[in-house]
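This report looks at a sheet, a helix and a chain contact. Please have the sequence and the structure open while reading.

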Amino acid sequence: MAENFLAAQDLQKSFNGNKAVAGVSFTIGKGEIFGLLGPNGAGKTTTIRILSTVLDADAGDATIGGFSLRKNPAEVRSLIGVCPQDLALYEELSALDNLIFFGRMEGLDGKEARSQAMVNLALMELTERAKGKIAKFSGGMKRRINLAIALMGNPKLLFLDEPTVGIDPQSRNKIFETILNLRDKGLTVLYTTHYMEEADRICDRVAIMDGGKIVAMDTPLRLRSQIGDPDKVTLEDVFLKLTGRSLRD
Amino acid sequence: MKNALLVALREVKEYLQDKADLAFSLILPIVTFALIYGAFGGSGLFHGTAYVVNEDTNGIYAQQLLNSIKKQDSLDLQLLKRADADNKLNRSDLTMVFLIPADFSDKLNLGQPAQLTIMQRGNGGQDGQIVASIVSGIVSEMNQQFTVAAQVSQALSGQNIPPAQIAMTTMQFLKRESTNPLVGIDEVSIGSKPNTVKEFLPGILTMYVLFSISLTAAAINDERKKGTLERLITTRLTIGQLFFGKFLAGVLRGFIQTLILMTLSWAVFRIFTPFSFVETLLIALLFATACSAIGLLITSIAHTGEASTWVGVFFTMTMTMLGGTFFTITKGTVLYQIGRISINGYANDAVKTLINGGSFSTLGVDIAVLAGVTVTAFIVARMLFKAVPQGK
């Protein structure tokens, strides 16, 4: 078992009296892709927002790379990259300008930011569109730029909040390839998705959340084995068994 | 500081890339300037057009009347065909047309009264009435000439002087009188002449700086809407740096607009000296910092773009009205006292003082108020942003 890069302990967060995250604890090993699955409103995004220092937890804490969220948020920020669920881009600027700007915000100097931006654009096969305005990009291209920005500053832990929503299979495949390659280079990834086959394909371990709590956590294979023949049972079957079939808002 | 500057530069770059935003903030001051120039930039004297239908095309007196109209500095002459004039009057394209009838000169030659007809829609409009007065004056002068010539001819009849000589001598005297009248009009202004440009330009200048309140108020909510605020929070950029960057961007935009308007004003109205131009720019810069800080205060409280824009617009309009942008508020009145809560009132006063030749050293109160508002609003905004739930 690799050493833990992230360790969350009893994280809690309420909004207007409603518990969005109700005591979440888990660990992620260095170089591991950890999937956080759950229906709408399960608390996945709130958990990511707490871990990425956007929100303060009401209770509990987490360490990332040995730094406490509560005590050392600035150090935590220097280790993480965030690819938010909604595209977070400056549409009027070019792809290159977006990457350079966020690179500078991650502490890179101008030259480093430009050079790393070009590497990340190449990684996403968008070099030729470097100077194109984001507003003119397709949804898939924007998603790839969204991920490329999250990689600026060489983060050690990457938060990917549903990075493949609404894109074509080619772009989705490119994102998977990139994530797996980066994992092989030692990057730790916390990945949330609604697509169970995605989680099954790329996650080393997954946690299934419901009602703000983790209801199951293991490798996809072991989770499938818990309810039947792992070759016949899908992760979606496990998910539905654990979270029920009732619709969520 | 470096990160704050990067945020400000990124915002200015985005603003320069956004054509609609750019057009609004840069072209609008130029349009306003053109309006000021149109309203106040001329000599201030009346200038109008006399539309005339001349049916007495070969008549000597008709021609004399037209020549007299042409000589008027305040009038342009435009000849029309009768049908065209009727058509334009019917469509209200024109409100007044003068008609010289075909028998105008013939009647005058015979010593009979001749009529110049004024055709008008309604009362002819204010400009039409002024043109009519001027033309009436010309007609009165012609009338006087005929009367004098007739009376002289009558008085000298039977003295063996040729009528042509009587007429020529009479005309020479009349001409001399018209160029050197015995009774003239002299204008004496009491006190200094009002200068509408100097009166209202400060208000227009500060109004554009005030607009930066709405822009800054929307700036952080725009980031929130785009999702980039959350992304920025997860970088090494601190909230303080983000705030200061937004503040700088607001100052820069307000200042750029003012610079354009002031440069145009200087070029056209010559109301600045190089020194007062620089001093006024400093006041504009200080005022821009106050407005930008207020914008941040609004963005800290209002958490949607719409809310921040509306609060910003309400604040801007209130300050504009109370600050004496569109009308002069007399010192010592109740309205003046109420207007003291308007920050642009202080900026207006300072700019007015400078463009009227006053000294920068007398602006201590105005500068202190603007600087105080900047510092207080910035600090309170920062605290509120941190304290208000969901502020981030």
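This is a predicted model: local features need pLDDT of at least 70, side-chain atom pairs count only at pLDDT 80 or more; totals for chains, interfaces and linings use all residues.

Chain A has an open sheet of four strands in the order E2-E1-E4-E5, and the pairing is antiparallel. Strand E2 (18–29) and strand E5 (67–68) of chain A are at the edges. Each of these two has a single partner strand, so one side of each has no neighbour in the sheet.

Strand E1 of chain A, residues 4–15, pairs with E2(A) in the antiparallel sense through nine bridges. In one of the bridges, Phe15(A) has Asn18(A) in E2(A) as its partner.

## Helix H8 of chain A

Which residues of helix H8 in chain A are buried? In this helix, residues 220–227, they are Pro220(A), Leu223(A) and Arg224(A). These residues lie on the same side of H8(A) because they cover an arc of only 100° around the axis.

Several elements of chain A take part in covering the buried residues of H8(A).

## Where chain A touches chain B

The contact between the chains involves 21 residues of chain A and 19 residues of chain B. On the chain A side, helix H2 (73–79), strand E6 (80–83) and helix H3 (95–105) each supply at least two residues. H3(A) gives the most, with four residues.

By residue class, the side of chain A that touches chain B has 12 nonpolar, four polar and five charged residues.

Technical notes: Residues are numbered from 1 along each chain as its sequence is written. Chains are lettered from A and ligands numbered from 1 in the order in which they are written. A residue is buried if 20 or more other C-beta atoms lie within 10 Å of its own, exposed if 12 or fewer, and partly exposed in between; C-beta atoms are placed from the backbone. The arc is that of the directions from the helix axis to the C-beta atoms. Two residues are in contact if their C-beta atoms, placed from the backbone, lie within 7 Å. Ala, Val, Leu, Ile, Met, Phe, Trp, Tyr, Cys and Pro count as nonpolar, Asp, Glu, Lys and Arg as charged, and the others, Gly among them, as polar. Two strands pair if DSSP finds at least two bridges between them.
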